[in-house]
Amino acid sequence: MSTATAPTASAPAGGPATLRRLILYVLLFALVVIAASGVSGLLERLFRTATTLVSGDVTGLALSLAFTLIGGPLALLLWWFVWRRLDDEAERRAPGWGLYLTGMYAVSLIIATTSLLDLATSFVGAQESQWPSPLATGSVWVAIWWWHRWMWKHPGKASRHLEDVRAVVGSVFGLLLGTGAAIAALSALLDVAIRGFTATAAFEPWWFDVLRSLIWAAGGALVWWWHWFREGGRRFQTGLVDVAIIGVGIFLAGITALGGLGVILFVLLRLAFDRSDPLNDLLEPLAPAIAAAAIGALVWRYHRSTSVHRSTRTRRASLLVTSAVALAAAASGVGVVVNALLAAAVSPLAGGATRTLLLGGVSSLAVGAPVWWLAWKPRHQPRSADDIPPGRRVYLVAFFGVSAVVALITLLVIGYRLFEFLLGEVTGGSVLDRIRAPLGLLVAAGLVAGYHFVLWRHDRALLAAAGPVRQRVIERVILVSGFPPAAVDSEALARGIVDATGAKVTTWLRADDGGAGLPPSSDLSPVAGDVIRQVAAALEASAGQQVLVIAGPGTRLEVVPLMTPGAAVPGGPAPGRVLRP
Amino acid sequence: MDDTAAPDRTGQENEDARKPDRVLLALVGVVVLLVVVALAVVFTCGEPAPLDEASPAGVVQRYSRAVVDGDTATAQSYLTEGAKSRCRGTYTGEPSPARVVLVSTTERTDSATVKVSIVRSGQGGPFGPSEYETEDAFSLLKVDGKWMIDQPPYPLMACTVVPGKQ
């Protein structure tokens, strides 16, 4: 998404004001951290007084006192100064304030959550004396978190354009923490079920470990739920939320699930064909792999179905990312298979491990290839220029480029080893053994690059055959919305234009009552869907890479192609068209 | 992708559409062939060919095989007295050596150097096992007409700890 809401007030002169804000917010950040560290140090000391017999740590106390008594008042003073200035719209819109809020919110959320969860887990097992430190840190940082949340949601000084940032920061952190801890908990439980409690039995009951991970997972899930549902993270239709869904929910979760599945298959294949290691060692990676596959697939599935209900762009991106992860797995599997084939051709002095290597490659290929086939649908590729979706060409070029870089690096390594062999006294077998890994990667990269290059050329031929109609691609749309916000949401309108044209859309709201000379025709309040359809149809017929769209009030719709001063326009400047004045 | 083929196409377009299909088939064929050949080769290849025990490389081979198999007693029988006295237990680092390949042999009258490449493989990596390769050297001495290892590389160190001699 590329909707940007334009500033509604002019900021004071750029340079000095930006520098002042930068210094101010960096200073405020540092002072808040210093004061928090001092107060939590003092609190910890207070909590420990009941159990401390002799206290001789003068240095620590002096430091905590200095941090609290100097850092605290200065932080409050600076905050008061900053807070007073935030009455000004330009100050609230400044990137410095947004960065400060985001940074401090993220830091306080992370420290508060981890300290409180640390506190909760310190009661599991025999670690009673560990509670004062996490309790002190946790309570101070929870207060700071609450304070920044209050500032962020303050009705008079709110940063409305940053609402989604808070939700994304919190939900991504919660999701990562919850997923990681849930995988650890499930893995510990499954490990006991699969291999028995051999290692942990000596120190403490096996379920202590599971319980600790479960507490961490519950904490992470709570943070995620709070930001995703309560704070409404999932409702924001912004680019940042899309990036979070694609990056964490599809990409990372996809890698986790596919990696886990690959290791499960690898262990099963080794059990069947390669029992070179003791059974206990063979089964060791099975439990974490099952846990990673199960939790990763759950997270991936949730975000996949979420992305389906969002814009077409998000849905396409989620498919492309899934396909990319699966292709990476399949291609590295092919590389490892070639590697194992070459390893078998060399007679080593001792050992072998070729079979293990081959089974690893086969399992990676067997997991990646079907998922890639389902996500990419190689049998149903575009047959005409209209079928080519916008993100596809970027994907093709990216894969072609990445595999070309991999091929270049592996070629350099192979060349280095070959010259070493030609110039020195090295046996032929050892050369093959040392180039087998890069050679495998080279083969895999070559296959990937070849396939994507052919597809890219095919698409280009289709586009060229479709003729000059496709060349008039609209790159940027400046949307001026004159509709009252209650009738047509300008953000929904912008999103619709993005979906219809693929152009970057900058949204402006009319500050006047609908323009001079035009009657305020609010008798007809159009539906957003109709307006989007009309704008899309008007843009379809419009010539020019930059287009100004004035929509509303009422039924007014004007589409004006724009050009930069001095640029040559083929066929003369196209006149602006008032479709329905 | 949610694309569906357009119902009416000209012959030229049909021809164009087949092109990636042929490439796809060729690539799938290459991958399947690679996997089948690799499976056949790897599952039919036997133990590494034994080298002459009277050569430095043969001694290194027998010692390395014993170390990889975890047979410390046999490994120790290829060490000189000096090596045994200097040895401080067995290398237990992870990942453990899984494959030793001969790089070069330099033979002198009473001493020899055998360079090897040691491949250690671990479970790590999201897609398949990962391997680390290092190059190291054995120093051998001729003791009573037999080649003995005087200095094994650190990852291939294997001996029972002997009490320190004064």
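Two residues are in contact if their C-beta atoms, placed from the backbone, lie within 7 Å. The structure is a predicted model, in which local features need pLDDT of at least 70 and side-chain atom pairs count only at pLDDT 80 or more, while totals for chains, interfaces and linings use all residues. Residues are numbered from 1 along each chain as its sequence is written, and chains are lettered from A and ligands numbered from 1 in the order in which they are written.

**View 1. The side of chain A that touches chain B.** Here 56 residues of chain A are in contact with 48 residues of chain B. Two or more residues each are given by helices H8 (239–273), H11 (312–345), H12 (354–376) and H14 (428–465) and by strand E2 (350–351) of chain A; helices (H or I, at least four residues) and strands (E, at least two) are DSSP runs, numbered from the N terminus. By residue class, this side of chain A holds 30 nonpolar, 19 polar and seven charged residues. Nonpolar denotes Ala, Val, Leu, Ile, Met, Phe, Trp, Tyr, Cys and Pro, charged denotes Asp, Glu, Lys and Arg, and the others, Gly among them, are polar.

**View 2. Strand pairing between the chains.** E2(A) pairs with strand E1 (residues 97–107) of chain B in the antiparallel sense, over two bridges; pairing requires that DSSP find at least two bridges between the strands. Ala350(A) has Val100(B) as its bridge partner in E1(B).

**View 3. Domains 1 and 2 of chain A.** An automatic or database domain assignment divides chain A into domain 1 (9–158), domain 2 (160–320), domain 3 (321–469) and domain 4 (472–580). The centres of domains 1 and 2 of chain A, taken over C-alpha atoms, are separated by 30 Å. Contacts join 15 residues of domain 1 of chain A to 15 residues of domain 2 of chain A. On the domain 1 side, H4(A) supplies the largest share, eleven residues. That side consists of ten nonpolar, five polar and no charged residues.

**View 4. Phe123(A) in its loop.** Phe123(A) lies in the loop between helix H4 (95–122) and helix H5 (132–153) of chain A.

**View 5. Helix H6 of chain A and the residue after it.** H6 (residues 163–195) of chain A has 33 residues and reaches 48 Å from its first C-alpha to its last, close to the expected 48 Å. The expected span is 1.5 Å times one less than the number of residues. Just after H6(A), Gly196(A) adopts a positive phi of about 80 degrees.
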